[in-house]
Amino acid sequence: MLKELTSLSGISSYENDVLDYIYSTVKDHCDRIEHDSTDNLYCFKKGRKTGKTVMFTAHTDEVGFLVSGITDEGYLKFSSIGIDSRILLGLRVFVGKNRTPGVIGIKAVHLTTADERKKAVEEKNMYIDIGASSKEEAEKLTEKGDFIVFDSDYTEFGDGKVKAKALDDRVGCATLIKLIKEANFEYDTWCVFTVQEEVGLRGGRIAAKRILPDLFIALEATTCSYIPDMEKGKNVTNLGGGVALSYMDGGFMADRKLVGALIERAKERNILCQLKSYASGGNEVRAAQTVGRGVIAAALSVPCRYLHSPLTVMDKKDYEAMYLLAKEVAENLSALEVL
Amino acid sequence: MELLKELCSITALSGFEHTGSESLKDIFARYLTDCSVDPSGNVMGYLRCGKKDAPLIMLDAHLDTIGLIVRDFAGGGFVSFATLGGFDPRVLPCQEVIIHGKEDVFGVIGAKPPHILSKEELKEGVKLDDLLIDTGLSDDRMRELIKIGSPISVKTKHSMLGEDKFCGGGLDNRAGICTHLLAIEQLKSANLNADICVVASHSEEIGRFGAKIAAERLSPDLAIIVDVTHGDTPDGDKSKTCVLGKGPAVCLGPNLNRKYTSVLRKTLEENNIEYQTELETGDTGTNAWDIQVSSCGIPCVLISVPLRYMHTTIETVSLADIKSSAKGIAEFIKNVFGGSADA
Amino acid sequence: MELLKKLTDAFGVSGSECDIAELIKGELEGLGEISVSPLGNVSLHIPGNGKKILFAAHMDEIGVMARFIDDNGFVYISAVGGLSAHTALNSRIRFENGVCGVLSAGEKKEIKDLKITDMFVDIGAKNKAEAESMISLGMCGKFESNFEISGNTIISRVLDNRAGCFALIKAAKELEKCDADIYFVFTSQEEIGLRGAATAAYDICPDYAIAVDITDTGDTPDCEKMAVKLGDGPCIKIMDKGIVTNHLVRDIIETAAKEENIPYQLEILTAGSTDASMLQFSCGGIKTGAISIPLRYIHTSSEMGNLVDLQNTVKLICAICKKLCNFEKTIDNCRKI
């Protein structure tokens, strides 16, 4: 399932294919299924008990680009969503619904000066070559505002590792689908597949406002940096160290009691778990926490190297651990004593 | 052009819109019904279709214009100031201002004469902290008439440049309000299946507060936002500016609802209205960004009028662009929400 | 001043406000209905039949959080709230379990290159194992210093915003009986993005909201231009980065101050924001204002305030309530203009 999910295209605001796949997979397993005007998909599971409302989210969008213009010669100009422009040169991409192949080109190194090679190329000076020789030819295949995704296949390698694009956040989507199919929910739970997280937690905010849950859990991917950064904990997480939890991310605090209880529960149930060693990144907890009179919220994340690039890498152990801990919350929330 | 001039003559600075909201409400009353100023300061008016359970369309354009505010008294009849919204400090030296205190007080933002400036100073950009307003009054008289926090508008003229271009301060975003009112004029006799609420929202330039509040209260089914975007200038980046006279700029990107935006574009094409497109991958820098996530999520469409020299007293737009933006909005609404031809 | 000293001593790093919340709840005992929100806001409701007014003061403080312990037992931290690296350098830190340490950075580091992410707390542990037995990852730490009073000058840690909390508590105790419906809310997590305030008014929907916080002064050498001076009275906020306050509310506050002969100043702050910025959006829009207590050396371990400013702030809050009780008709008339 993860393989299929990561191969689908779902740039922020173009999540339809991913949402359609998810809908067809879960529709027979939900007590109710709805969507809103932004296309967030809400799947309701009745719980064994009443009295509390729980909400899980996983965002369906991935980072990518939008076509910002077509040059007279038929090259595409683009604008990225959430990507470090230094990784872009030489990449292969697919453009639009038809998956038109393209490459992010650059003039040959032989033709550069020493000064040029020292500086990073700015995105506004980059272009995508789809093999068209004129503007008219390119306009038959795409248009301004069209989406562009990385060309990167799902690959299992090394010792239990997976490489794919969009592990952020198809790992969350896959986990949530599995929960819907297999978990025996303690309380009424909304499992929401959200949109546009990468441009600013947009769908998540809207969904939380509609549901106003008592408890909110975001299922996410988080960063795992290079080995040399391990010295001062700047690697943030370790691959294989288990599902990652954090008290604090980029500028906001999760509910401390909830996070503490989750760490304890993971220990008791022998679920591999780690605490992020660096406050970084954002997730839907930030958006959901301040709706209504306030929501008790935290995030569970799968550590990933090379986040927001075509070759994001994760360890299957961590992915499995996230599912197990999420299932604990879904099935035994009251035992955590946080509500 | 007369309507635009009238709209620009209203003083409503960011955070101090209450000085002009009643005047705007009176203008609204010529086009709309149930006009009011809501408790937070948004000016609103309705065009109702009279049908039960009709969907609601919100037409938003921000009311406030940028300005200045008295920060402290600097002695000798001088006053230091801060900005309300993003003023380009480079255009401030040698501007005339009006400080709105107990009475309106005229002042000038002077500049040190070149004779006494060093070579280095001449090359440096203007710093806001170094600028002062000269009221020409004695300190006592000055303190009688104005106080810390008195809002200040920069004096401007409004006039035509050539045959089609209109120039003066405040076109950001009176051009937007004008567009909506002209659209309403064209919709008055249409047979619609939706109610329309025009909102002149406050505080856009200082944090987009008014639109957030209005959208939460109204919870519309669709929001059409009109603001301004950067017009073409010789020193501008062509990929980031729109051409004056080539029609409204329709915005594309995650902030805007794709289905409605593509219907808008089709409508413009069917009506032979020339338009341009802009792409924004994130925050469009307009009320649309906040309206989209207000209430339980509101589909948005954004149209921008190309404008040169934004946030100066010489903002310039093409009147033809405003007219075609208005027509585009009217035809789009007729297209989507029923409505036969004008009676 | 015992109360202010206790308030400034209490632990309340954003997100870990239990201690300060308990202290405040204890002080409010018997004054009205007390409740706690999911994000930790503490509210006191003094019921009445008149206009609803909400006063908010944040009770949290900036601090650090332990994120990583190296092999030699040095505890690397994340900033909780707006910490300035060079201000925090070599400060004393006390973790929530009482363990004390020094926040420092490599001796060879240049001040201008200092980053919070490179800073560590030295708790005197010989190695990682010893450090792990003393504190755990995720634990928060506050900046430690003594409370001093000299004449009217107060020097202490976290006058931002325990001074504001002090003013609300004292006002709640000294309030004259009136029919206004009053809420005093002590919000959480202001320093990390006005989080508590975003939810504070949700169930209340007051007619007016007034944030009570602190502001900078413009009376120290080489400082940012500002008309505010320490000792010249509480400030009526006109604007900061997050709000231009409602003119009606400003008028109410100014009139109340004039009528009760309370000295006041007018504040324009070009950097920084308070809970007021969030309150104005709640409930479809609330008329919001703010009162600020002038402070020097904000966000350091030695903030400086003025006792008389503090006392006048308490008087001003009471005067505002009194005005709202007795002059509703005036306000309604103002609204119609």
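Modeller: Domain bounds come from an automatic or database domain assignment. This is a predicted model, in which local features need pLDDT of at least 70, side-chain atom pairs count only at pLDDT 80 or more, and totals for chains, interfaces and linings use all residues. Residues are numbered from 1 along each chain as its sequence is written, and chains are lettered from A in the order in which they are written.

Biologist: What makes up domain 1 and domain 2 of chain B?

Modeller: The assignment gives residues 2-65 + 169-336 to domain 1 and 67-154 to domain 2. Their C-alpha centres lie 32 Å apart. The contact takes 13 residues from domain 1 and 12 residues from domain 2, where contact means C-beta atoms, placed from the backbone, within 7 Å.

Biologist: Why is helix 1 of chain C called oblique to helix 5 of chain C?

Modeller: Helix 1 (residues 2-9) and helix 5 (residues 159-174) of chain C pack at an angle of about 135°. Angles under 35 degrees count as roughly parallel, over 145 as roughly antiparallel, 65 to 115 as roughly perpendicular and the rest as oblique. The angle of about 135° therefore makes helix 1 of chain C oblique to helix 5 of chain C.

Biologist: Which residues of helix 1 of chain C meet helix 5 of chain C?

Modeller: Leu3(C), Leu4(C), Leu7(C) and Thr8(C) meet residues of helix 5 of chain C, including Arg162(C) and Phe166(C).

Biologist: How many residues of chain C are in contact with chain B?

Modeller: 16 residues of chain C are in contact with 24 residues of chain B.

Key: Axes fitted to C-alpha atoms, helices over the stretch in contact; angles between N-to-C directions. Helix = DSSP H or I, 4+ residues; strand = E, 2+ residues; numbered from the N terminus. Contact = placed C-beta atoms within 7 Å.
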